[in-house]
Amino acid sequence: MAMGPTLVATTGRRNLAVLCALSVSAMLTIAAVLLTRQSPIQNMAWPVHASVGAAAGVLGVQVTIDIWVRRLPLRPSLVTAAIVMLSLPIGSGTSRWWPALAGAAAMTMVSVTLRTLSRGQLGRGDVYLSPLLGTIIGMVNPWAVLTAWVATAILAALFALAVMAIGLARRTTLIAYGPFMVAGTVIAVWAAVNGQ
């Protein structure tokens, strides 16, 4: 049976999307493993390690989806945030639960404020992603939420300037903000770990 050009193009795009998701997931998992070895997370039990690994995989898929269709699915972010949060009392007692909750609350408050001020330019999926990212940051240092947002803004601005300079976008072009939020989180966690 011969495949038409549309089916081949669709299959190729799906394969590329799966490859991107796996690549980004692998990179985030490696980053999670490296950061876990040096941070307070190292002293926690396996449920926390497993939930952080699962979060890295979910974030990889979320970033790929956001780049691909510029829309973040809402449920995976919230479910994964809940899993990570619930693993903390099991794997660390309550010593890291409150800082993780503070990080999630701070990250979410900033994203809700940005969504309100930008009149919806920051997507609802980005707001739903915030509790997961804030939880991960809070496990190390809830004050690093500020670092995450500054890094996110700088990375997104540099990207926007670059794509406008080469003519791939205009000022009104919407970009996927989730990948920059994840990158800002990785930078914030790395800075918090190395600052201790």
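A search of the whole structure, which is a predicted model, finds 3 aromatic pairs. Rings of Phe, Tyr and Trp (its six-membered ring) count as a pair if their centres lie within 6.5 Å; planes under 30 degrees apart are called stacked, over 60 edge-to-face, and the rest tilted. A pair of aromatic rings is described by the distance of the centres and the angle of the planes. Two of these pairs are set out here.

| Pair | Centre to centre | Angle between planes | Type |
|---|---|---|---|
| Tryptophan 97 and tryptophan 98 | 4.8 Å | 85° | edge-to-face |
| Phenylalanine 159 and phenylalanine 180 | 5.4 Å | 50° | tilted |

How exposed is each ring's residue? Here buried means under 20% relative accessible area, exposed means over 50%, and partly exposed lies in between (1.4 Å probe, protein chains only). Tryptophan 97 counts as partly exposed because its relative accessibility is 22%, while tryptophan 98, with a relative accessible area of 56%, is exposed. In the other pair, phenylalanine 159 is partly exposed at 36%, whereas phenylalanine 180 is buried because its relative accessible area is 12%. Together, Phe159, Tyr177 and Phe180 form one aromatic cluster.

A few words on how to read these values. Residues are numbered from 1 along each chain as its sequence is written, and side-chain values use heavy atoms, with hydrogens and water left out. Because the model is predicted, local features need pLDDT of at least 70 and side-chain atom pairs count only at pLDDT 80 or more, while totals for chains, interfaces and linings use all residues.

Now step back to the whole chain. The protein chain has 7 helices and 0 strands, and its pattern along the sequence reads α-α-α-α-α-α-α. Helices (H or I, at least four residues) and strands (E, at least two) are DSSP runs, numbered from the N terminus. Of the 196 residues, 40% count as buried. Contact means heavy atoms within 4.5 Å. Among contacts between residues at least 6 apart in sequence, 78% join residues at least 24 apart.

Where is threonine 135? Its place is in helix H5 (residues 124-140), and it counts as buried because its relative accessibility is 1%. Not counting residues up to four places away in sequence, threonine 135 touches Val84, Met85, Ala100, Gly103 and Ala104. Take alanine 100: it is 35 residues from threonine 135 in sequence, but their C-alpha atoms are 4.5 Å apart in space. The side chain of threonine 135 also reaches the backbone oxygen of proline 131 at 2.7 Å.

Serine 111 is found in helix H4 (residues 97-117) and counts as buried because its relative accessibility is 0%. Which side chain does the side chain of serine 111 meet in a polar contact? The partner is the side chain of serine 130, at 2.9 Å. A polar contact is a pair of N or O atoms within 3.5 Å; within protein, one must be able to donate a hydrogen and the other to accept it, and residues adjacent in sequence count only if both atoms are side-chain atoms. Leaving aside neighbours within four places in sequence, serine 111 is in contact with Leu122, Val127, Ser130 and Trp149.

Finally, the pockets. On a 1 Å grid over the protein atoms alone, a pocket is an open set of points where a 1.4 Å probe fits, with protein on both sides within 12 Å along at least five of seven lines; lining residues have an atom within 4 Å of a point. The largest pocket has a volume of about 730 Å³ and is lined by 27 residues, of which Gln121, Leu122, Leu174, Ile175 and Tyr177 lie nearest its centre. The elements giving two or more residues to this lining are H5 and helix H6 (144-165), and H6 provides the largest share, 5 residues.

The second largest pocket has a volume of about 170 Å³. Its lining includes Phe159 and Phe180, the two rings of the tilted pair.

Methods: Points joined across faces, edges and corners; volume = space filled by probe spheres on them.
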